[in-house]
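Open the model in your viewer and keep the selection tool at hand. Each stop below names what to pick and what to look for.

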Amino acid sequence: MDYIIIVAGGKGLRMGSDVPKQFLPVKGMPVLMRTISRFHECNPSMQIILVLPHHQQQYWHDLCSQYAFGIAHTVVDGGDTRFASSRNGLAAIPDDATGTVGIHDGVRPFVAAEVISRCYDAARTHGAAIPVMPVTDTLRHIDSTTTGHNVLRTDYRIVQTPQVFDIALLKRAFTQPFREEFTDDASVVEAMGCSVEMVEGNRENIKITTPFDLKIAETLC
């Protein structure tokens, strides 16, 4: 069985809006609905778990009624951190479940179907997979000096979501206590000494966090 945990806990502070960014409309549909729809279209049998702050859930329910949004999904409470939210979503999957589970940012509505498929296929083979993109800008490392120094961009990759894992592996990984170096879900798995396979992402798979991102999103619809 394939699962996807969609984590949406944004407050919209960088967006400058009173409405959390995941609920903002893009071409007539809230961002979060576009994200959920992308996974449902890719695999209609995929089990969808939505992680939302408890105080946002009634607003989400009202939006679903307003837009007649009927894709089945389970809603669970978000945590104080991304780590806690992912763990809460994972807890909604039975402990004896087998298969794969992805974790995806709720404000990434433009992940390509091919990327979703690549991530799940790679996770079935390797246990863990993440989509990445090459770095196109020059990178500069800031160290103890005042000027820093350039680094080879070919040594780095931009990491996207969904990050997909064997269910049992991810459940075991999230029994670990939180650490500051857990910057994403893959880092939690790597902390157990497991390797993570990289697959090709897609450039349009942006994370909508600013008004500029919202303008780009409007052009991508």
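Select helices H1 and H2 first. In this predicted model, their axes come within 11 Å and cross at roughly 75°. An angle of 65 to 115 degrees counts as roughly perpendicular, and H1 and H2 are therefore roughly perpendicular to each other.

Now show side chains at the crossing. From H1, pick Leu-32, Met-33 and Ile-36; they meet Trp-60, Leu-63 and Cys-64 of H2. What is the make-up of this contact: nonpolar, polar or charged? Six of its residues are nonpolar, with no polar and no charged ones.

**The largest nonpolar core**

Widen the view. The largest nonpolar core has 28 residues, and Ile-6, Leu-32, Ile-36, Leu-50 and Trp-60 touch the most other members. Colour the elements that give two or more residues to this core: strand E1 (2-7), helix H1 (31-42), strand E4 (47-52), helix H2 (57-66) and helix H4 (113-126). Which of them gives the most? H4 does, with six residues. As background, nonpolar side chains in soluble globular proteins tend to be buried together.

Centre on Ile-6. Set aside residues up to four places away in sequence, and Ile-6 touches Leu-32, Thr-35, Ile-36, Phe-39, Ile-48, Ile-49, Leu-50, Val-51, His-104 and Gly-106.

**The ring cluster**

Next, select Phe-23, Tyr-59, Trp-60 and Phe-69. Ring pairs link these four into a cluster. The structure holds seven aromatic pairs in total.

Start with Phe-23 and Tyr-59. Their ring centres are 5.1 Å apart and their planes stand at 50°, so this pair is tilted. Distant parts of the chain are linked here: Phe-23 is in the loop between E1 and strand E2 (25-26), Tyr-59 is in helix H2, and 36 residues separate them. Buried or partly exposed?

Trp-60 has 2% relative accessibility and counts as buried. You have already met Trp-60 at the contact of H1 with H2.

**Helix H3**

Move to helix H3, residues 82-91. Show Phe-83, Ala-84, Ser-85, Ser-86, Gly-89 and Leu-90: these residues of H3 are buried. What do they pack against? Colour E1, E4, strand E5 (74-77), strand E6 (100-105), helix H5 (167-173) and helix H6 (185-190) to see the partners.

**Val-188 in helix H6**

Finish in helix H6, where Val-188 sits. Val-188 has 1% relative accessibility; the cut-off for buried is under 20%, so Val-188 counts as buried. Leave aside neighbours within four places in sequence, and Val-188 is in contact with Phe-83, Ala-173, Phe-174, Gln-176 and Phe-182. Phe-83 is one of the buried residues of H3. The separation is 8.0 Å, for residues 12 apart along the chain.

Notes
Residues are numbered from 1 along each chain as its sequence is written. This is a predicted model: local features need pLDDT of at least 70, side-chain atom pairs count only at pLDDT 80 or more; totals for chains, interfaces and linings use all residues. Side-chain values use heavy atoms; hydrogens and water are left out. A nonpolar core is a set of buried Ala, Val, Leu, Ile, Met, Phe, Trp, Tyr and Cys residues joined through side-chain atoms within 4.5 Å. Buried means under 20% relative accessible area, exposed over 50%, partly exposed in between (1.4 Å probe, protein chains only). Helices (H or I, at least four residues) and strands (E, at least two) are DSSP runs, numbered from the N terminus. Contact means heavy atoms within 4.5 Å. Rings of Phe, Tyr and Trp (its six-membered ring) pair if their centres lie within 6.5 Å; planes under 30 degrees apart count as stacked, over 60 as edge-to-face and the rest as tilted. Axes are lines fitted to C-alpha atoms, for helices over the stretch in contact, and angles run from 0 to 180 degrees between N-to-C directions. Angles under 35 degrees count as roughly parallel, over 145 as roughly antiparallel, 65 to 115 as roughly perpendicular and the rest as oblique. Ala, Val, Leu, Ile, Met, Phe, Trp, Tyr, Cys and Pro count as nonpolar, Asp, Glu, Lys and Arg as charged, and the others, Gly among them, as polar.
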